[in-house]
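Trainee: Please take me through this model term by term, and set each label against the rule behind it.

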Amino acid sequence: MPEALDMGKHALYVWGSFGATALFMIAEPLLLRSRAKAARKRIARMARLEQENDQ
Amino acid sequence: MSSRLINWFKFSSPATFYPLAHKIWLVATIIAVVLIAIGLYMSFFVAPTDYKQGEGYRIIFVHVPASWMSMFIYVVMACWAALGLVFNTRLSAMMAQALAPTGAMFAFLSLWTGAFWGKPMWGTWWVWDARITSELILLFLYLGYMALRSSIDDPRRGDRASAILLIVGVVNIPIIYYSVKWWNTLHQGSTIKLNEESSMDDTMLLAMLIMTLGFWAYSIATAMSRVRSVILERERSSTWVKQMIAEER
């Protein structure tokens with residue numbers, strides 16, 4: 001580990017802060033991607049159902 | 001002048017804004033990734049160890065940007081809410097809706113990183129002082145806004161009711177900001193003052209500002225990404241959405 005990343009006695013607090021922030025800021029965009037996919041899927045399914053009903 | 005006004009109103013239509021939001025998302029994502037990478041490098045490899053707080057002070061590089069964003073996003077949401085009430089534009093409410101989870105996340109991270117900073121420096125994870133309590137109220141305002149909006153079945157009514165909550169809640173923002181001045185708090189005073197020179201080392205200050213700009217770009221990116229989903233969900237019965245999805249498949 002590079003010396004600059006050695007937080008000594010404050011390691012728990014520094015990495016606890018940066019870790020939680022990283023976790024949230026990586027998870028949020030991923031959740032948003034799956035939300036967009038789900039919305040598109042739902043609309044496509046609705047369109048298919050409408051088409052089937054019309055026939 | 002009048003042609004400019006027409007241009008702005010053109011983008012208040014979800015159908016016109018939808019493709020634009022994608023472009024803004026792309027640019028904001030690139031800026032966020034670059035700035036946060038530089039900011040993180042500076043936070044650990046460039047900024048010196050603090051003479052008083054040792055390595056523990058480095059929490060400032062996420063704590064301050066997260067706290068600023070939690071307050072800033074709230075004000076932006078309240079502005080969108082006010083615009084929505086005045087002009088009755090659907091997109092304004094959608095923008096407020098899209099910003100809320102990111103704002104709540106930053107309010108939570110502000111409290112979380114604050115607790116992780118407080119423990120080694122003050123000897124306690126939590127204290128009911130004015131700064132920390134008013135930030136907690138901000139988190140509750142975000143959660144209250146989201147709960148109120150989603151509890152009303154008619155989305156347009158939900159928009160209006162929650163817009164009023166947002167606007168009333170703005171009173172909390174100056175309370176958070178000035179709390180360290182108005183009351184005797186355990187929380188330290190402002191690191192950056194509007195009318196005075198900063199008390200920080202230059203590289204520390206620069207790292208913090210770069211992280212803040214990175215968080216700012218991140219917030220824009222997530223808001224754009226979320227507003228696109230919100231538009232799809234709320235406009236799912238409109239012809240343009242159906243057509244667009246059909247063309248994609």
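Predicted model: local features only at pLDDT ≥ 70, side-chain atom pairs only at ≥ 80, totals over all residues.

Mentor: Residues are numbered from 1 along each chain as its sequence is written, and chains are lettered from A and ligands numbered from 1 in the order in which they are written.

Trainee: How do you know what counts as a helix, and how many helices and strands does chain B have?

Mentor: Helices are DSSP runs of H or I with at least four residues and strands are runs of E with at least two, numbered from the N terminus. By that rule chain B has 9 helices and 0 strands, whereas chain A has 1 helix and 0 strands. The C-alpha trace of chain B spans about 65 × 40 × 35 Å along its principal axes, and that of chain A about 70 × 20 × 10 Å.

Trainee: What span is expected of α4(B), and what span does α4(B) reach?

Mentor: The expected span is 1.5 Å times one less than the number of residues. Helix α4 of chain B, residues 90–122, has 33 residues, and its 47 Å from first C-alpha to last is close to the expected 48 Å. After α4(B) comes B:G123, with a positive phi near 85°.

Trainee: Why is B:G103 called buried?

Mentor: A residue is buried if 20 or more other C-beta atoms, placed from the backbone, lie within 10 Å of its own, exposed if 12 or fewer, and partly exposed in between. B:G103 has 27 C-beta neighbours inside 10 Å and therefore counts as buried. This glycine is found in helix α4 of chain B, where 24 of the 33 residues are buried, so that the helix is largely enclosed by the rest of the structure. Over whole chains, buried residues make up 40% of the 249 residues in chain B and 18% of the 55 residues in chain A.

Trainee: Which residues does B:G103 contact, leaving aside neighbours within four places in sequence?

Mentor: Contact requires C-beta atoms, again placed from the backbone, to lie within 7 Å. On that test B:G103 is in contact with B:S70, B:I73, B:Y74, B:M77 and B:Y142. B:Y74 is 29 residues away in sequence, yet the two C-alpha atoms are 6.6 Å apart. The buried residues of α2(B), among them B:W25 and B:L35, pack against α3, α4 and α8 of chain B.

Trainee: What makes a nonpolar core, and which residues have the most contacts inside the largest one?

Mentor: A nonpolar core is a set of buried Ala, Val, Leu, Ile, Met, Phe, Trp, Tyr and Cys residues joined through C-beta atoms within 7 Å. The largest has 70 residues, and B:M77, B:A96 and B:V227 have the most contacts inside it. Elements giving two or more residues to this core include α1 of chain A and α4 of chain B.

Trainee: How many residues are in contact between the chains, and which element gives the largest share on the side of chain B?

Mentor: There are 33 residues of chain B in contact with 25 residues of chain A. The largest share of the chain B side, 9 residues, comes from α4(B).

Technical notes: Contact = placed C-beta atoms within 7 Å.
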